Amino acid sequence: MAGTHVYAGAAASMGGTLGGVFRQAVGDDRWEPLTNGLPEGTEVHAITVHPENSDVLYIGSTKGTYRSSNRGGRWEKLSLPDRVIMAFACRVMRLDVDPNSPNDIYATLEANGTMRSRNGGETWEDCTADLIRFCEEPKYRSRIGSQTEIEGMLDGHALAVSAAAPGTVFLANRMGLFRSNNRGETWQDMEISRFSPLTYGRDIRVSPHDPKVMYACLSPAARSTDGSIYRTDDIGQTWKRFDHGVKAEATMMGVAVHPHDPNQVYGVSRFGQVFGTQDGGRSWHETRLPAGDRDVYAVACG
């Protein structure tokens, strides 16, 4: 299948059967649903395009992790064990593949920490213990839907891996942005509050053109009327706002960079606004997913 596509993941509308994965060819405003092999009503929270083969996609959802070898034409389920049992489905929020080691896949889960696979997703290991350590300090404690204040540090939203920092993983969660220099064994706070008034981390991505360049989605909270995209040119040492002129009506949920054009960057808000720039952030255009699709969690381009 030739051409470049943007992928978006969505939840089912109230009382409806939509949701799942949608695909749009760049330059075409139409969105095509990709449901073959997915259970009805699948809520998709993560989409990743394989860095070496754009035909291969991974998605994370309330119903598990799935892989497609033909750009979403059909999906197969991968095994991912639960770390804890919650009152709701433990959602796989984001996935990323290590460009230096394509069999290494990292997953972050809502209120369930982070995990990694060293064999292409066949088996998984826990990477959460050191995140819990942060909760010894009051500023890292947060409780919304559970009986424990370690919930916020386990509320993972995004992971990214940079070829410019071997063995390093970047994490966005409820409490901010964090970094591991040893494949998820231990973590450090990147202290995003030094650069942004918004610190609720929703997504973080590495540019496929320059591994020192990364983008992050930041908002005030899970459900808000604000959000923005920030960019770093030095592997997370400093950050600047990138999406000037964009008005998000809800939390900014996901960001994606075109694999062949560094000037094209796309972002999506929770209510289905899809923002795109084709000139490196100088100007932006907006489209929307079909009416009724809300709680959008992911965007990808490939």
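Mentor: Glu149 is found in the loop between α1 (129–133) and α2 (151–154). Helices (H or I, at least four residues) and strands (E, at least two) are DSSP runs, numbered from the N terminus. The model is predicted, so local features need pLDDT of at least 70 and side-chain atom pairs count only at pLDDT 80 or more, while totals for chains, interfaces and linings use all residues. Residues are numbered from 1 along each chain as its sequence is written, and side-chain values use heavy atoms, with hydrogens and water left out.

With a relative accessible area of 39%, Glu149 is partly exposed; buried means under 20%, exposed over 50%, and partly exposed in between (1.4 Å probe, protein chains only). Leaving aside residues up to four places away in sequence, Glu149 touches Cys135, Tyr140, Arg141, Ser142 and Arg143, where contact means heavy atoms within 4.5 Å. Lys139 lies ten residues from Glu149 along the chain, and their C-alpha atoms are separated by 11 Å.

Next comes strand β12 (residues 156–161). Six of its six residues are buried, so β12 is largely enclosed by the rest of the structure. Five bridges join β12 to strand β13 (residues 169–173), and the two run antiparallel; strands pair if DSSP finds at least two bridges between them. Within this pairing, Gly156 stands opposite Asn173 in β13.

Asp155 forms a salt bridge with Arg174, and their closest N and O atoms are 2.9 Å apart. This pair links distant parts of the chain, 19 residues apart: Asp155 sits in the loop between α2 and β12, and Arg174 in the loop between β13 and β14 (176–180). Both Asp155 and Arg174 are buried. A salt bridge here is a side-chain nitrogen of Lys or Arg within 4 Å of a carboxyl oxygen of Asp or Glu.

A search of the whole structure finds 19 salt bridges. One of them joins the side chains of Asp295 and Arg270, at 2.7 Å from N to O. That pair also links distant parts of the chain, 25 residues apart, with Asp295 in the loop between β23 (285–288) and β24 (298–301) and Arg270 in the loop between β21 (265–269) and β22 (273–277). Asp295 and Arg270 are both buried.

The side chains of Asp233 and Arg231 meet in another salt bridge, at 2.7 Å from N to O. Asp233 is partly exposed, with a relative accessible area of 47%, and Arg231 is partly exposed at 27%. Arg94, Asp203 and Arg205 are linked in a network of salt bridges.
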